[in-house]
Amino acid sequence: MSTTGDGTLAVRAGLPAPEQYEPTLPGPVFAAHFHLSGEPVGPYTYGRETNPTWTHLERAISELEAPGEQVETTVFASGMAAITAVLLSQARTGDVVVVPDDGYQALPLVREQLEAYGVEVRTAPTGGDAQLEHLEGAKLLWIETPSNPGLDVCDVRRLVEAAHAAGVLVAVDNTLATPLGQRPLQLGADFSVASDTKGMTGHGDILLGHVTCRDPQLAAGVRRWRKVVGAIPGPMEAWLAHRSLATLQLRVDRQCATALSLAETLAARADVSGVRYPGLPGDPSHPTAVRQMRRFGSVVSFVLADAETAERFLSALRLVDDATSFGGLRSTAERRARWGGDAVPEGFIRFSVGAEDPEDLLADVEHALDKATS
């Protein structure tokens, strides 16, 4: 697909060739089986293996991940299904996998499973490219940048170069950035992975994930894993996801612009500390982020005095839902320490900026902060 603008790309991604009297985006195909006489050589044979609705969505995501290039995407029932498909399809007993120790909260669960299978798991922080020190003898390096929830950023090109020199595959969890913010395959990674539950679909009503690879063999391994474990998305979810991609650029641009304004507003307040946003010029991650990211995401994190102050702040918000997700049209925020598992202070807030009018959202945040800290 030849295009230059991200908006055009998002709106047209994955659409089939025009056909007279047919819809531009065909509806979801609900089928467990297909007409299949003779040898099973056609594209659609059984519903656990392939589905036309997945095909359109996978083509769309491929076009967003690597415009104009030949890559393969496999969609999954959730982000965790996509993550485990890469890790568990590649790692074998005796292998070494390197993962961040400050990444998505479910990664420790994956680590336990890998170790139960006899895989050695090494961990290091995202910041400062600390994973570089653990690559010797590894099979796979897992990167999450920006990290969730701390928003640290690592130098993907540097890590990929070192990993490939050591014969190590590289997977990047790109959930926070989306392909409009960062394209891991173009930075050299072998796998680009995301929970499309978040910014990609952007409405907080779909669970979905994907893996995109340039290497057909790696893609085949991931696709085989989906077939074996049956971690497939429903056709309705796949169709809704494809529909949602059309507004990706509109949503992301609005969210990123407001997120920067929010970070600037928070950084100016004496009752707020630890403000992190990769797009903020004074952020520790900013010098690295500007070299590899085109947009900096919708998530801002910051710290209030204690758990009680944070809870008062959340309760005082009127335009923001207290919910454990991010990337949606409606702003959300939560006190992350309530879950345990994240190495964050009790008053740490992860704030996901939505598509509300910036002036309204910022006024709501400032009002809530005033009430919480007075």
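Aspartate 129 lies in the loop between strands E3 and E4 of this predicted model, where helices (H or I, at least four residues) and strands (E, at least two) are DSSP runs numbered from the N terminus. The phi angle of aspartate 129 is near 55°, a positive value in a residue other than glycine. Aspartate 129 is buried, with a relative accessible area of 10%; buried means under 20% relative accessible area, exposed over 50%, and partly exposed in between, with a 1.4 Å probe and protein chains only.

Residues are numbered from 1 along each chain as its sequence is written, and side-chain values use heavy atoms, with hydrogens and water left out. As this is a predicted model, local features need pLDDT of at least 70 and side-chain atom pairs count only at pLDDT 80 or more, while totals for chains, interfaces and linings use all residues.

**Loop residues**

- Threonine 178, found in the loop between E5 and E6, has a positive phi of about 65° although it is not a glycine.
- Threonine 178 counts as buried because its relative accessibility is 5%.

**The open sheet**

- Seven strands form an open sheet in the order E1-E7-E6-E5-E4-E2-E3, with mixed pairing; two strands pair if DSSP finds at least two bridges between them.
- Its edge strands are E1 (72-76) and E3 (120-124), each of which pairs on one side only.
- From one strand to the next, the twist averages 20°.
- Strands E6 (residues 191-195) and E7 (residues 209-213) pair in the antiparallel sense over 5 bridges, and phenylalanine 191 has cysteine 213 of E7 as its bridge partner.
- Helix H2 (residues 52-65) packs on the sheet, touching E1, E6 and E7, and its direction makes about 125° with that of E1; axes are lines fitted to C-alpha atoms, for helices over the stretch in contact, and angles run from 0 to 180 degrees between N-to-C directions.
- Helix H6 (residues 216-229) packs on the sheet as well, touching E1, E5 (169-173), E6 and E7, and its direction makes about 15° with that of E1.
- Strand E1 is largely enclosed by the rest of the structure, because 4 of its 5 residues are buried.
- E1 and E7 pair in the antiparallel sense over 5 bridges, with cysteine 213 in E7 as the bridge partner of glutamate 72.

**Helix pairs**

- Two packed helices are described by the angle between their axes and the distance between the axes.
- The axes of H2 and helix H7 (residues 235-245) come within 9 Å and cross at roughly 35°.
- The residues of the contact of H2 with H7 divide into 10 nonpolar, 3 polar and no charged; Ala, Val, Leu, Ile, Met, Phe, Trp, Tyr, Cys and Pro count as nonpolar, Asp, Glu, Lys and Arg as charged, and the others, Gly among them, as polar.
- Helices H3 and H4 (residues 107-116) pack at an angle of about 35°, with their axes 11 Å apart.
- The contact is made by Met80, Ile83, Thr84, Leu87 and Leu88 of H3 and by Leu107, Val110 and Leu114 of H4.

**Glutamine 90**

- Glutamine 90 is found in helix H3 (residues 79-90) and counts as buried, at 10% relative accessibility.
- Leaving aside neighbours within four places in sequence, glutamine 90 is in contact with Asp95, Lys139, Leu169, Phe191 and Leu218.

**Strand E9**

- Strand E9 (residues 299-303) is mostly covered, with 5 of its 5 residues buried.
- Val299, Ser301 and Val303 point one way from E9, and Val300 and Phe302 point the other way.
- Strand E8 (residues 273-276) pairs with E9 in the antiparallel sense over 2 bridges, and the bridge partner of serine 273 is valine 303.
- E9 and strand E12 (residues 348-352) run antiparallel and are joined by 5 bridges, with valine 303 opposite phenylalanine 348.

Note on methods:
Contact means heavy atoms within 4.5 Å.
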